[in-house]
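Here is a walk through one protein model, strand by strand and pair by pair. Have a look at the fold before reading on.

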Amino acid sequence: TGQWNAIDLSLADLKTSFPTADYTQVKQMSFSPANGTFYLDNLYFYNDAISSVSDVKTYSVKCYPSQVSSNLNIEAETTINEVVVRNLLGQSVKLFTLNSLNTTINLSNFATGNYFVTVKLANGQSTTQKIVKL
């Protein structure tokens with residue numbers, strides 16, 4: 001009570017405990033009984049059933065420079081489908097639809113400030129990086 005607690009929930013353990021449950025589309029969780037106010041933050045689902053590092057393939061994405069006055073360069077090891085630029089409120093400011101391994105985006109008309117750039121790849125992966133528009 002009155003403090004943050006960390007709880008690890010392994011999907012493999014949940015599947016063992018509840019073999020008929022479908023965890024592919026988790027939309028809501030509840031904790032009962034919860035007396036008073038209950039805060040839930042930084043919820044991570046993971047599958048610890050991966051047998052080795054070679055089972056995981058990550059695709060590198062580079063956004064540079066991180067402090068940009070006009071052109072932002074984006075490069076990836078796999079095809080880039082979409083680039084979304086958002087302000088600090090999470091509002092989409094600009095959407096670029098692509099089909100390439102690299103691109104240059106002109107941000108010269110953007111207001112000075114901080115932005116988040118989300119790069120969505122053809123393989124379903126995405127990454128978000130912070131940039132500063134000078």
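**Ground rules**

This is a predicted model, so local features need pLDDT of at least 70, side-chain atom pairs count only at pLDDT 80 or more, and totals for chains, interfaces and linings use all residues. Residues are numbered from 1 along each chain as its sequence is written, and side-chain values use heavy atoms, with hydrogens and water left out.

**The overall picture**

The protein has 1 helix and 6 strands, where helices (H or I, at least four residues) and strands (E, at least two) are DSSP runs numbered from the N terminus. Reading from the N terminus, the order is α-β-β-β-β-β-β. Of its 134 residues, 19% count as buried; buried means under 20% relative accessible area, exposed over 50%, and partly exposed in between (1.4 Å probe, protein chains only).

The accessible surface comes to about 10,000 Å², and carbon and sulfur atoms hold 49% of that. These areas come from the Shrake-Rupley method with a 1.4 Å probe, and for residues only the protein chains shown count as cover. As for contacts (heavy atoms within 4.5 Å), take the ones between residues at least 6 apart in sequence: 49% of them join residues at least 24 apart.

**How the strands pair**

Two strands pair if DSSP finds at least two bridges between them.

| Strands | Sense | Bridges |
|---|---|---|
| β3 and β5 | antiparallel | 6 bridges |
| β5 and β6 (residues 126-133) | antiparallel | 8 bridges |
| β2 (residues 67-68) and β6 | parallel | 2 bridges |

Thr118 is bridged to Thr128 in β6, and Lys120 has Ser126 as its bridge partner in β6.

**The salt bridge**

Which residue forms a salt bridge with Glu82? The partner is Lys120, with the closest N and O atoms 3.2 Å apart. Glu82 sits in strand β3 (residues 71-86) and Lys120 in strand β5 (residues 113-121), so the pair ties together parts that are 38 residues apart in sequence. A salt bridge here is a side-chain nitrogen of Lys or Arg within 4 Å of a carboxyl oxygen of Asp or Glu, and by this rule the count comes to 1 salt bridge. Side chains of opposite charge can pair when their charged atoms come close.

**The nonpolar core**

A nonpolar core is a set of buried Ala, Val, Leu, Ile, Met, Phe, Trp, Tyr and Cys residues joined through side-chain atoms within 4.5 Å. The largest one has 18 residues, and Leu72, Ile74, Val83, Val117 and Val119 are those with the most contacts inside it. Two or more residues each come from β1 (61-64), β3, β4 (92-106) and β5, and β3 gives the largest share, 6 residues. In soluble globular proteins, nonpolar side chains tend to be buried together.

**Two residues up close**

Glu75 lies in strand β3 and counts as partly exposed, at 31% relative accessibility. The side chains of Glu75 and Tyr64 are joined by a polar contact of 2.6 Å; that term means a pair of N or O atoms within 3.5 Å, where within protein one must be able to donate a hydrogen and the other to accept it, and residues adjacent in sequence count only if both atoms are side-chain atoms. Beyond its neighbours within four places in sequence, Glu75 is in contact with Ser60, Val61, Lys62, Tyr64, Leu101 and Asn102. Glu75 and Cys63 are 12 residues apart in sequence, with 6.7 Å from C-alpha to C-alpha.

Leaving aside neighbours within four places in sequence, Thr103 is in contact with Leu72, Asn73, Ile74 and Leu98.
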